[in-house]
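This report describes the confidence, the helix geometry, the aromatic contacts and the nonpolar core of one model. The sequence and structure are shown first.

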Amino acid sequence: MTVTFRRAVAADFSEVRRITRDAYLRAGHFAADHPYMSVLEDVEHRAEHAQVWVAETAGKVVAAVTLSFPDQPYSEIAKDGELEFRMLAVDPAHQGGGVGRAVVREIVEHARQLPGIEAISITSATFMERAHRLYESLGFRRVPERDWYVPGEDVLLWVFRLELAGLAF
């Protein structure tokens, strides 16, 4: 399977919205009426204040992710020298075939090209066990001292980090 990773354009936004919504709902992470779903579905806002990227296979968008840098509106945990990715979603019809792994590898390759970026960070809810296995299999390590709770909720978010120096895939 060949995956092309590129910056999303406005014509992709409806498909990014569908993929993200379907992936989070199918995984059972949130109910359709959960307030975070409206954040996930507001692709236009994300694209205005961060970078939305897509993965295509056979000319079809099959995954999406948001990239952010320290002190940007969509950055939750990135420190100086880190690229943060959020809202990684793979179309449920394409899950289990390595698309998520390919996207994370593409993020790593992209980060290696960015001046001043030494690491990648991500936050993941404790219940997103499948994602944890993926990140750890690619070399991300937990950084428990950076874990945090969603404001106003009893949801613990774990932080994972990948050092880019000396990394070989």
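## Contacts of Tyr-135

Contact is taken to mean heavy atoms within 4.5 Å. By this criterion Tyr-135 touches Phe-85, Leu-88, Val-104, Ile-122, Ser-124, Phe-140 and Phe-160, when residues up to four places away in sequence are not counted.

## Model and confidence

This is a predicted model, in which local features need pLDDT of at least 70 and side-chain atom pairs count only at pLDDT 80 or more, while totals for chains, interfaces and linings use all residues. Residues are numbered from 1 along each chain as its sequence is written, and side-chain values use heavy atoms, with hydrogens and water left out.

The mean pLDDT (the predictor's confidence in each residue, from 0 to 100) of the protein chain is 94, and 99% of its residues reach 70 or more. Helices (H or I, at least four residues) and strands (E, at least two) are DSSP runs numbered from the N terminus. Confidence is highest in strand E3 (residues 60-68), at a mean of 98, and lowest in helix H2 (residues 35-41), at 93.

The expected span of a helix is 1.5 Å times one less than its number of residues. For the 14 residues of H4 (residues 99-112) this gives 20 Å, in agreement with end C-alpha atoms that are 20 Å apart.

A nonpolar core is a set of buried Ala, Val, Leu, Ile, Met, Phe, Trp, Tyr and Cys residues joined through side-chain atoms within 4.5 Å. The largest core has 53 residues, of which Val-65, Phe-85, Val-103, Ile-107, Ile-120, Tyr-135 and Phe-140 touch the most other members. H4 supplies the largest share of this core, seven residues.

## Aromatic pairs

Rings of Phe, Tyr and Trp (its six-membered ring) pair if their centres lie within 6.5 Å; planes under 30 degrees apart count as stacked, over 60 as edge-to-face and the rest as tilted. The structure holds nine such pairs. One of them, Phe-30 with Tyr-36, is tilted, at 5.3 Å centre to centre and 55° between the planes. Phe-30 is buried at 18% relative accessible area, whereas Tyr-36 is partly exposed at 23%. Phe-85, Tyr-135, Phe-140, Trp-158 and Phe-160 form one aromatic cluster.

## Positive phi angles

Asp-71, in the loop between E3 and strand E4 (82-90), has a phi near 65° and is exposed at 76%. Met-87, in strand E4, has a positive phi of about 55° and is buried at 4%.

Key:
Buried < 20%, exposed > 50% of the residue type's maximum accessible area, 1.4 Å probe, protein only.
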